[in-house]
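Here are my comments on the model, as numbered points. Please read them with the structure open beside the text.

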Amino acid sequence: MSRIHTAFEKGKAFIPFITCGDPDLATTAAIVRAAVANGADLVELGIPFSDPTAEGPVIQEANMRALAGGTTTDKIFELVKDLRRDVTVPLVFMTYANVVFSYGAERFLGKCEEVGIDGIILPDVPYEEKDEFGPTCEAHGIDFISLVAPTSEDRISMIAKDAKGFLYIVSSLGVTGVRREITTDLGAIASIVRANTDIPYAIGFGVSTPEQARRIARDACGVIVGSAIMKIVAKHGAESAPFVGQYVREMKDAVLAAR
């Protein structure tokens, strides 16, 4: 069993998403450590891809900057190896099927196990095609994390019953990005999930402010934020770590304040 369950053992979790290599991998390492020092319970590490179909413009641009700067999958594995010298919270990769296929699924997941990755999220792999990666993930002790969207409807219970690590509930239709308002009936989705699994579930896509995080956390075991963090990185570049740390602290406090 991976370490992912530990992220949810001390109450509601805050989960930042960070695109690796934007603006460079040394900055990514500093951002991850600042996030963990300020309360991040699990960190999603984005492996950049040239066609990130689930991402909005903020993370798309972060992907492009990372790739233009020479970020590669092998360099990201080295980054994780370095982080694991002192970072003990669960680490999860979020990327796309083509990244894993082009590297070789067995080789990729073997490296994940070797460096200390706990799970993987592939938003372009539907539940019905999960067996393309699921058995290899299981063989290497990597949780293949499923997503549930507002359109999943009668598939929610089926996906929840088979969930590994944690279940990622997508709060809104469309791609990632900051949203002023989230109108999905997350409570209804959460109720179906709770009825079908004991696996923790976290809500992401569109969450950006402490008030949103506090409200979302009422219906979740954890809250995921990506675009708002990568906007900070786009603004501050190599000096981003303390600004991300401060933001993570504010969001973590908001999640803990949820009632």
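**Notes on the model**

1. The side chain of Arg84 has a polar atom 2.7 Å from the backbone oxygen of Val87. The model is a predicted one. Arg84 sits in the loop that runs between helix H3 (73-83) and strand E3 (91-94). Is Arg84 buried or exposed? Its relative accessibility is 17%, and because buried means under 20%, Arg84 counts as buried. Beyond its neighbours within four places in sequence, Arg84 is in contact with Arg3, Val89, Pro90, Leu91, Val115, Gly116 and Asp118.

2. The sheet is open and has nine strands, in the order E5-E4-E3-E2-E1-E9-E8-E7-E6, with parallel pairing. Its edge strands are E5 (143-145) and E6 (147-148), each of which pairs on one side only.

3. Leu147 has Tyr168 in E7 as its bridge partner. E7 also pairs with strand E8 (residues 201-204), in the parallel sense and over four bridges. Here Ile169 has Ile203 in E8 as its bridge partner. Which residues cover the two faces of strand E7 (residues 167-170)? Leu167 and Ile169 lie on one side, Tyr168 and Val170 on the other, and all are buried.

4. Ile117 lies in the loop between helix H5 (105-115) and E4, while Gly119 lies in strand E4 itself. Ile117 is buried because its relative accessibility is 4%, and Gly119 is buried with a relative accessible area of 0%. Not counting residues up to four places away in sequence, Gly119 touches Ile4, Leu91, Val92, Phe93, Ile142, Asp143 and Ile145. With neighbours within four places left aside, the contacts of Ile117 are Val80, Leu91, Phe93, Cys112 and Ile142.

5. Gly119 and Pro90 are 29 residues apart in sequence, and their C-alpha atoms are 8.2 Å apart. Ile117 and Glu78 are 39 residues apart in sequence and 12 Å apart from C-alpha to C-alpha.

6. Helix H10 (residues 227-236) lies across E1 and strand E9 (222-225), and runs at about 45 degrees to E1. Which residues of H10 are buried? They are Ser227, Ala228, Ile229, Met230, Ile232 and Val233. An α-helix has 3.6 residues a turn, so residues three or four places apart point the same way. Ile229 and Val233 are among the buried residues of H10. The buried residues of this helix pack against E1, H1, helix H2 (57-68), E9 and helix H11 (241-256). After H10 comes Gly237, with a positive phi near 55 degrees.

7. Helix H9 (residues 210-217) packs with H11. Two packed helices are described by the angle between their axes and the distance between the axes. For H9 and H11 the angle is about 35 degrees and the axes are 7 Å apart. Their crossing is right-handed. On the H9 side the contact is made by Pro210, Ala213, Arg214 and Ala217, and on the H11 side by Glu250, Met251, Ala254 and Val255. Sorted by class, the contact has six nonpolar, no polar and two charged residues.

8. Most residues other than glycine have a negative phi, and most peptide bonds are trans. Phe205 has a positive phi, near 80 degrees, though it is a residue other than glycine. Phe205 is in the loop between E8 and H9, and is buried with a relative accessible area of 7%. The peptide bond between Asp22 and Pro23 is cis, with omega about 0 degrees. Pro23 belongs to the loop between E1 and H1.

Terms used: Residues are numbered from 1 along each chain as its sequence is written. This is a predicted model: local features need pLDDT of at least 70, side-chain atom pairs count only at pLDDT 80 or more; totals for chains, interfaces and linings use all residues. Side-chain values use heavy atoms; hydrogens and water are left out. Buried means under 20% relative accessible area, exposed over 50%, partly exposed in between (1.4 Å probe, protein chains only). A polar contact is a pair of N or O atoms within 3.5 Å; within protein, one must be able to donate a hydrogen and the other to accept it, and residues adjacent in sequence count only if both atoms are side-chain atoms. Contact means heavy atoms within 4.5 Å. Two strands pair if DSSP finds at least two bridges between them. Axes are lines fitted to C-alpha atoms, for helices over the stretch in contact, and angles run from 0 to 180 degrees between N-to-C directions. A crossing is left-handed if the near helix is turned anticlockwise from the far one by less than a right angle, and right-handed if clockwise. Ala, Val, Leu, Ile, Met, Phe, Trp, Tyr, Cys and Pro count as nonpolar, Asp, Glu, Lys and Arg as charged, and the others, Gly among them, as polar.
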